[in-house]
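This report is meant to be read with the sequence and the 3D view side by side. Please keep both open while reading.

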Amino acid sequence: MDIRKRNTFWEYCCFVVLFLVLAMMSTKSYAQERKLPADTTIVSTDNVTIKGEEVPYRVSVGTQPVYGEDGKPDASLFYTYYERTDVEDKENRPIFVSFNGGPGAGSLWMHLGYTSPKRLKISDEGYPVQPYGVEDNPHSILDVADIVYVNPVNTGFSRILNDGEKEQFFGVNEDLKYLADWIDNFISRQERWESPKYLIGESYGTPRVSGLAGQLQGRHWMFLNGIVLVSPTGLGLEPEGPSPRSSVLKLPYFTAAAWYHEQLPQDLQSQKLEDILPEVEEFTIEEFLPAISYGGFIDEKRRQDLAQQIARYSGLSKDFVLDYNLAVPASVFWKELLRDEGYTIGRLDSRYTGIDKTQGGDRPDYSPEYSSWKHSFTPAINHYLQDQLGFKTDLQYYVSGPVRPWNREGNETGEMLRQAMAENPNLEVMVQSGYYDGATDYFSAKYTMWNIDPSGKMQDRFRFEGYRSGHMMYLRSEDLETSNEHIREFIRESMPAKGAPAKY
């Protein structure tokens, strides 16, 4: 073979080999970057001014394993932990463990929307603004408590690892078991067993933290000072009265949404919302619920009178109310209230409006508020975690992660909370709800709170707060300040006097 041809041949072979090696290295590198590290932490420091006081803090962002029965990681949970650094007395320093819901929601909502020292850039009423990003939160509770934001499996950057199986994690009770184990480990690692401990959960996060109160006390002997339920669900309760999600209980919410959009009769519209709602709540419990119990056998005059009053309180027409046998579904309400104006209203926050393909139909095409929130939060959380805190990864941050199918059997989380409160005289509960939340509406939240303890013996350990906003009531600037202040008050009220014994 000609020398020049032989050299060209070997150069070609070397090029092919080099290309294959580089390709394999590239594939291997990509696979490594896409896999979540089971146990890692990145630490930085910062400060924030809260209520006129400069608060220095340390923020730890990282992962902590969920161990299987063989002692090896079956998953790893991504978390962000804020600690005030100028406080040495950790035994009297409260720590909050914060969860969102879904059940597939990442922890970004309350992290960048509510209690942390950072919040996303957003309008005063909660609409997206550009440029996206985060800013200091002057209303954070970090001045009085440390906070860790936890992402359950397949939310945020949290993932199943090694031999872990979906069935270990995706269900009401499966969720409680592994999260209680994870919290136990986290508290030990951070040396916080002496500290007063609180759980805060939003939406599906409310059955999560209610059940965790029982799991932590029953299996880990970890007693809590307080539970904050933000926009709670029915907690699996089956009270003697109607279901906590009965359409009848939605009427006070209908009134609030109609008031906001100026759809009520003038005599009601001219009043303050907080002055109207007690009247509608009383009507719902004292007249609407007893009457509708008669079903199709209700007296016709009574049916007509009720339809007229429901229409008055809801902004709907009497005939429309009668078409639905007095109990109008919420999904229909979202479509109907502003139909003549060409808009739908939001499910999770009815201040938001959307537009549908057609005026017809019995439910909106999409939830305008949720689209708006994803618009704001997704770029902000990715920018903050990766660019500012340095948690670099090629993993997608799951705002709403794949956790289906979810095993909902055996949801006794409300009863688990009641039992935990009965066994722990120091455990108190606060409920926070937005008046314009149509998914986990505020009056159903009140009804759920009333029915956690049917005996009434612990009613002085419950507190309810309502706000002129929706499911994420903290997105409205005025309510962000007020709701965080309510948490500060709740901490003070739920901290026993020094040396006071926990007893009845």
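## Basis of the report

This is a predicted model, in which local features need pLDDT of at least 70, side-chain atom pairs count only at pLDDT 80 or more, and totals for chains, interfaces and linings use all residues. Residues are numbered from 1 along each chain as its sequence is written, and side-chain values use heavy atoms, with hydrogens and water left out.

A salt bridge is a side-chain nitrogen of Lys or Arg within 4 Å of a carboxyl oxygen of Asp or Glu. By this rule the model has 34 salt bridges. In one of them, Arg 93 pairs with Asp 146, and their closest N and O atoms are 2.9 Å apart. Arg 93 is in the loop between E3 and strand E4 (95-99) and Asp 146 is in strand E7 (residues 146-150), so the pair ties together parts that are 53 residues apart in sequence. Helices (H or I, at least four residues) and strands (E, at least two) are DSSP runs, numbered from the N terminus. Arg 93 and Asp 146 are both buried; buried means under 20% relative accessible area, exposed over 50%, and partly exposed in between (1.4 Å probe, protein chains only). Both residues also belong to a network of salt bridges that links Arg 58, Glu 83, Lys 90, Arg 93, Asp 146 and Arg 192.

Another salt bridge joins Asp 441 and Lys 250, at 3.2 Å from N to O. Asp 441 sits in the loop between strand E13 (428-434) and helix H13 (442-452), while Lys 250 sits in the loop between strand E10 (226-230) and helix H5 (251-260), 191 residues apart. Asp 441 counts as buried because its relative accessibility is 0%. Lys 250, at 7%, also counts as buried.

Helix H12 (residues 413-423) holds both Glu 415 and Arg 418, three residues apart, which is about one turn of the helix. Their side chains meet in a salt bridge of 2.9 Å, N to O. Glu 415 has a relative accessible area of 36%, so it is partly exposed. Glu 423 is in helix H12 too, and at 45% relative accessibility it counts as partly exposed.

How far apart should the ends of helix H14 be? At 1.5 Å a residue, its 18 residues (477-494) should span 26 Å, and the end C-alpha atoms are 26 Å apart, which agrees. The expected span is 1.5 Å times one less than the number of residues. Buried residues in H14 include Leu 480, Ile 487, Phe 490 and Ile 491.

## A negative patch

Glu 69, Asp 70, Asp 163, Glu 165 and Glu 167 form a negative surface patch. For such a patch, residues have over 30% relative accessible area and no salt bridge, and like charges are joined within 9 Å. Asp 70 is in the loop between strand E2 (53-67) and strand E3 (73-84).

## Backbone details

Most residues other than glycine have a negative phi, and most peptide bonds are trans. Gly 102 and Pro 103, however, are joined by a cis peptide bond with omega about 20°. The bond from Gln 130 to Pro 131 is also cis, with omega near 5°.

Glu 191 is not a glycine, yet has a positive phi of about 55°. With a relative accessible area of 68%, Glu 191 is exposed.

Notes. Patch = residues over 30% accessible without salt bridge, like charges linked within 9 Å, V, L, I, M, F, W, Y side chains within 5 Å. Areas by Shrake-Rupley, 256 points an atom, 1.4 Å probe, with all protein chains shown as cover. Lys, Arg positive; Asp, Glu negative; His and termini not counted. Charge placed at Lys NZ, Arg CZ, Asp CG, Glu CD.
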